[in-house]
Amino acid sequence: QVQLVESGGGLVQAGGSLRLSCAASGSFIKINKMGWYRQAPGKQRELVATIHSSGVTYTADSAKGRFTISRDDAKSTVYLQMDSLAPEDTAVYYCNAEIATTLRPYGVDYWGEGTLVTVSS
């Protein structure tokens, strides 16, 4: 059973920083793409950033220049460094990973339970 566990959320003042972490555990062959999504109250879930096993990254315009995604394959962990946070970044942040297992060698999407980030003005 593969699990994604997020950590690092919390309350921060506008202009501050937070670092989110998401660690994958369980039995799997390879982690392909990893990423972060967020869902603000009353809004749809939106993509924040992704990083492929090749190291290629994508960052949404709303996060570009402020958020940085990275991964440590030795720890099966993806990070999201968030700087210059603004109240509109307040949301539940979800970790997502496409993970290959023996039963699903081409990869299946897994989701974490989410971690709340609150930015006060």
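In the protein chain, residues 24 or more positions apart account for 56% of the contacts with a separation of 6 or more, a contact being heavy atoms within 4.5 Å. The model is predicted, with local features requiring pLDDT of at least 70 and side-chain atom pairs pLDDT 80 or more, while totals for chains, interfaces and linings use all residues. Residues are numbered from 1 along each chain as its sequence is written, and side-chain values use heavy atoms, leaving out hydrogens and water.

The protein chain contains 0 helices and 11 strands. Both kinds of element are DSSP runs numbered from the N terminus, helices being H or I of at least four residues and strands E of at least two. The radius of gyration is 14 Å, close to the 14 Å given by the globule rule for 121 residues, so the chain is as compact as a globular protein of that length. This radius is taken over C-alpha atoms, and the rule is 2.2 Å times the number of residues to the power 0.38. The C-alpha trace spans about 45 × 25 × 25 Å along its principal axes.

Of the 121 residues, 41% count as buried, where buried means under 20% relative accessible area, exposed over 50% and partly exposed in between (1.4 Å probe, protein chains only). The chain exposes about 6600 Å², of which carbon and sulfur atoms supply 48%; areas come from the Shrake-Rupley method with a 1.4 Å probe, and for residues only the protein chains shown count as cover.

By the rule applied, the chain has 1 disulfide, defined as a pair of cysteine sulfur atoms within 2.5 Å. The bond joins C22 to C95, with an S to S distance of 2.0 Å. C22 lies in strand β3 (residues 18-25) and C95 in strand β9, so the pair ties together parts that are 73 residues apart in sequence. The torsion about the S-S bond of C22 and C95 is about -80°, so the disulfide is left-handed. Both C22 and C95 are buried.

Most residues other than glycine have a negative phi. S76 has a positive phi, near 50°, and lies in the loop between β7 (67-72) and β8 (77-82). With a relative accessibility of 13%, S76 counts as buried. Phi of S84 is likewise positive, near 50°; this residue is found in the loop between β8 and β9 (91-100). At 44% relative accessibility, S84 counts as partly exposed.
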